[in-house]
Every structure is written in C-alpha cells, then in structure tokens.
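Here is a colleague's note on the fold, meant to be read beside the coordinates.

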Amino acid sequence: GAGSPAAPLPPSAVPARPDGVYGVVMIGLFRLAFGAAVGYQPRRSWVDGAESYRALVEIASRLYSSCADDVERSAKVAAIFAPFPKTPQLLRDDRQSCETLAVLTRALFPFLVGPCTIDEWTRGGDVTRGGDTWRSKVRIERCRFLDASACKGMCVGLCKRPSEAYFASLGLPVSFAPNFDDCSCEMVWGRTPTDADLAGADLSCFKACDIRDAAHATRARPPRE
C-alpha cells in the first residue's frame, strides 16, 4: 500500500479452514506460475496448505515490489496467464454464462480467496427501469489473499485490476469491489468496472504492511562505504 498508515488489519470472524488435496494442488500451481515470473521460490512446505499459501504471498509481494507502477504489474500478471487457452470461447457476456461463472467461483476458488456466497444484482440499472436480475454476484466473506498479505496495494494491483483486464480481454466483464473495513469483496460477473468503484476507499497502508515496513527499512539503512 501507499500513504500514511491506516487502521490495523481488522480481526477475522471467519474461521480458517484447512486446505484439502484440491486446494493444496491449486496453491502449488499458482505458486509455480508466480515463482517462475519472479525467479524466486521460498523454502516452504508444498504439502501444508497454509505454509504453501504463505509462500505464494511472499512471491506476490516480490512481484508487486519489483514493478514501477500498476501498468507494469498488470502486464506481468497478464504474462503469467498468457499460456491459458482463450479458444474455444465457451462462455459469453450473458446471464447464463455469468451465473455459471459465479457458481464455479464459489466452488473452485475458496483456496485462493476464502469462503464465498452468491447473491443477486441488477444489470442495467433499477429493475423497474428494465434492468435484469442476475444471480452472478460473488461475495467473498474475507479475502484470504488480502488477509495474508495485509496489503491494499497488492489487492488492487495484483488481483482487482489485472483480473478485470484479463477477463475483459476474453469478453467477460467482471468487477471487484474490495471492502478494506472487513476484508470482504464483491466480485460481480457481467458488470463492467468503473473508475468510481474505488472512490472514497482508504488506500493507505494497514499498520501491518510488510511492504511498507521493508521500504522504510531500506530508506533508513545507511549507505555502504
């Protein structure tokens, strides 16, 4: 994060859940992909989900810190996912596809973001003005990545903006609206993000921001003679 320290990371009311075989494997795949991009791999367990996730966050922290701005970060994250096939394009920007993606997100991605629920939202404005009600809003109860990294900058720069850009390149709009007061997030399939989505959000660092602390330590270190 940037700026002066904000409040501490809010305490969690969401109990931690152990990672099963699927979670451990998926964490490992993300860890390999990000580690290859950064050229770094922590010496942490690959079979303990919590330890492997800490390694993933360490790698993500290095990636975030190595980039000069959000444009470079988005490009590096996009390069990580470039090998993923884009054809055939089975999903479209329609209600059925977006509601399917919401179900898949809830079922397949708790290893990355934590427990999720699905809710409705109105696409096209007020339902009384012709808007359609879609059940494609995924509410992340407490984002595991934000919780583990304690970094708002990494949330926005490595998750929100690159993910929105990647899926937009597939013709699948999705928006992320993180809530830094409780570490929840609303991920809405079928909604195009806007510049106003972060309006009013306090983007200053949590007090427990390792990236800010490391930067301060580097600046305070006396030069070598």
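The points below go from the basis of the model to its sheet, its helices and its overall totals.

1. The model is predicted, so that local features require pLDDT of at least 70 and side-chain atom pairs pLDDT 80 or more, while totals for chains, interfaces and linings use all residues. Residues are numbered from 1 along each chain as its sequence is written, and side-chain values use heavy atoms, with hydrogens and water left out.

2. The protein contains eight helices and four strands, taken as DSSP runs (H or I of at least four residues for helices, E of at least two for strands) and numbered from the N terminus. Along the sequence their pattern reads α-α-α-α-α-β-β-α-α-β-β-α.

3. The four strands make an open, antiparallel sheet in the order β1-β2-β4-β3, where pairing requires at least two DSSP bridges between two strands. Its edges are β1 (116-123) and β3 (174-179), each of which pairs on one side only, and the twist averages 25 degrees from one strand to the next.

4. Strand β2 (residues 132-140) is joined to β4 (residues 184-189) by four bridges in the antiparallel sense, and I140 has C185 of β4 as its bridge partner.

5. Helix α4 (residues 95-108) lies across β1, β2 and β4, at about 20 degrees to β2, the angle running from 0 to 180 degrees between N-to-C directions of axes fitted to C-alpha atoms, for helices over the stretch in contact. Helix α7 (residues 152-169) packs on the sheet and touches β3 and β4, its direction making about 165 degrees with that of β3.

6. Of contacts (heavy atoms within 4.5 Å) between residues at least 6 apart in sequence, 63% join residues at least 24 apart.
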